[in-house]
Amino acid sequence: METLVFLYLALVLIVTSLLVVTNRNAVHAVLWMLVMFFHQAVLFLTLEAEFLALVQIIVYAGAVLVLFLFVIYIINLRTELKIRNFHIYWPMAALVSVVLVVLAVKAVKEFCPGPVVGDMTPKLIAQLGQAKVLGKALFTQHILSFEAAGVLLLVAVLGAVVLTRRIRFRGEEG
Amino acid sequence: MIPISWYLILSLVLFAIGAFGFIARRNVIIMLMCIEIMLNAVNISLVALGRGLQDTAAHILVFFVIAVAAGEAAIGLALVVLLFKKTREVHMDEFRALKG
């Protein structure tokens, strides 16, 4: 049963990502990506990462994809449906990707996981809840990275506003 | 229990698909979406390894990757809007000059 669920999720993830890559219509690509993100959230659930599954849905499906949709609506791409959507050298890109997969799969086929090093055991999660365990690690051990991520997001928001605002010159009507 | 290597192989395949799209597509918006696919593939492998090692660091790292991806999408899409305003074009091979 577990294997069946994993195979279904893997199949849907691969098929939807291929559809995103090959779709002519950018709006359809975004919607296929939505399907992909939901399936990935379920994959996180099967990996006992409930918190990350929720963050995946809230941040990616809720924020990032809406941003993509807004930009696609701003940029009205009528011509996109008629012209070629790949570079002329796409067979070489496909070759590189396939070779990457073949070589890397050869490398990780013999992968065997090391001994358990962390403290996030199923017993502790059952006792405290995953959000509490993660929050404790985030706000004690990784507090500096957390602050840096906050600054990064602030800079990203300000940068996006500064880049896309309309440039007004003095004495000119807005 | 599913072996971790299966998750790693899935993540590799997704990463390769994203990389192919990034190299081969002409539309800048789709290229940004391919970056998101690649970041998601890395997230899958991180979560799988974190489950295997039972370590919180993997989950924290995925959390930060998601935060950085959100910032990257905001900046990248702002740049796309700027390019479109300037040139009325979003296809990568049409941009020949670095100077704006």
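The model is predicted, so keep its thresholds in mind: local features need pLDDT of at least 70, side-chain atom pairs count only at pLDDT 80 or more, and totals for chains, interfaces and linings use all residues. Residues are numbered from 1 along each chain as its sequence is written, while chains are lettered from A and ligands numbered from 1 in the order in which they are written.

**Exercise 1. Describe the overall build of chain B.**

Step 1: list the elements. Chain B has 3 helices and 0 strands, where helices (H or I, at least four residues) and strands (E, at least two) are DSSP runs numbered from the N terminus. Their order from the N terminus is α-α-α.

Step 2: judge the spread. The radius of gyration of chain B is 17 Å, well over the 13 Å from the globule rule for 100 residues, so chain B is more spread out than a compact globule. Here the radius is taken over C-alpha atoms, and the rule is 2.2 Å times the number of residues to the power 0.38. Along the principal axes, the C-alpha atoms of chain B fill a box of roughly 50 × 25 × 15 Å.

Step 3: check burial. Of the 100 residues in chain B, 54% are buried. A residue is buried with 20 or more other C-beta atoms within 10 Å of its own, exposed with 12 or fewer, and partly exposed in between, C-beta atoms being placed from the backbone.

**Exercise 2. Work out how α2(B) and α3(B) pack.**

Step 1: take the geometry. The two axes come within 10 Å and cross at roughly 180 degrees. Axes are lines fitted to C-alpha atoms, for helices over the stretch in contact, and angles run from 0 to 180 degrees between N-to-C directions.

Step 2: classify the angle. α2(B) and α3(B) are therefore roughly antiparallel to each other. The classes are under 35 degrees for roughly parallel, over 145 for roughly antiparallel, 65 to 115 for roughly perpendicular, and oblique for the rest.

Step 3: look at the residues. The contact includes B:I29, B:L32 and B:V47 of α2(B), and B:V62, B:A69 and B:L77 of α3(B). Two residues are in contact if their C-beta atoms, placed from the backbone, lie within 7 Å. By class, the contact of α2(B) with α3(B) has 17 nonpolar, 4 polar and 1 charged. Ala, Val, Leu, Ile, Met, Phe, Trp, Tyr, Cys and Pro count as nonpolar, Asp, Glu, Lys and Arg as charged, and the others, Gly among them, as polar.

**Exercise 3. Follow chain B across to chain A.**

Step 1: count the partners. In total, 60 residues of chain B are in contact with 67 residues of chain A. On the chain B side, α3(B) gives the most, with 22 residues. That side divides into 44 nonpolar, 10 polar and 6 charged residues.

Step 2: zoom in on one helix pair. α3(A) and α3(B) pack at about 5 degrees with their axes 10 Å apart, which makes α3(A) roughly parallel to α3(B). Among the residues that meet are A:V59, A:L67 and A:F68 in α3(A), and B:F63, B:I66 and B:A70 in α3(B). This contact has 19 nonpolar, 1 polar and no charged residues.

**Exercise 4. Find the centre of the largest nonpolar core.**

Step 1: size it. The core has 65 residues, and B:L14, B:I29, B:M33 and B:V47 have the most contacts inside it. Such a core is a set of buried Ala, Val, Leu, Ile, Met, Phe, Trp, Tyr and Cys residues joined through C-beta atoms within 7 Å. Its largest share, 14 residues, comes from α2(B).

Step 2: inspect one member. Beyond its neighbours within four places in sequence, B:L14 touches residues including A:L13, A:I14, B:I37 and B:I44.
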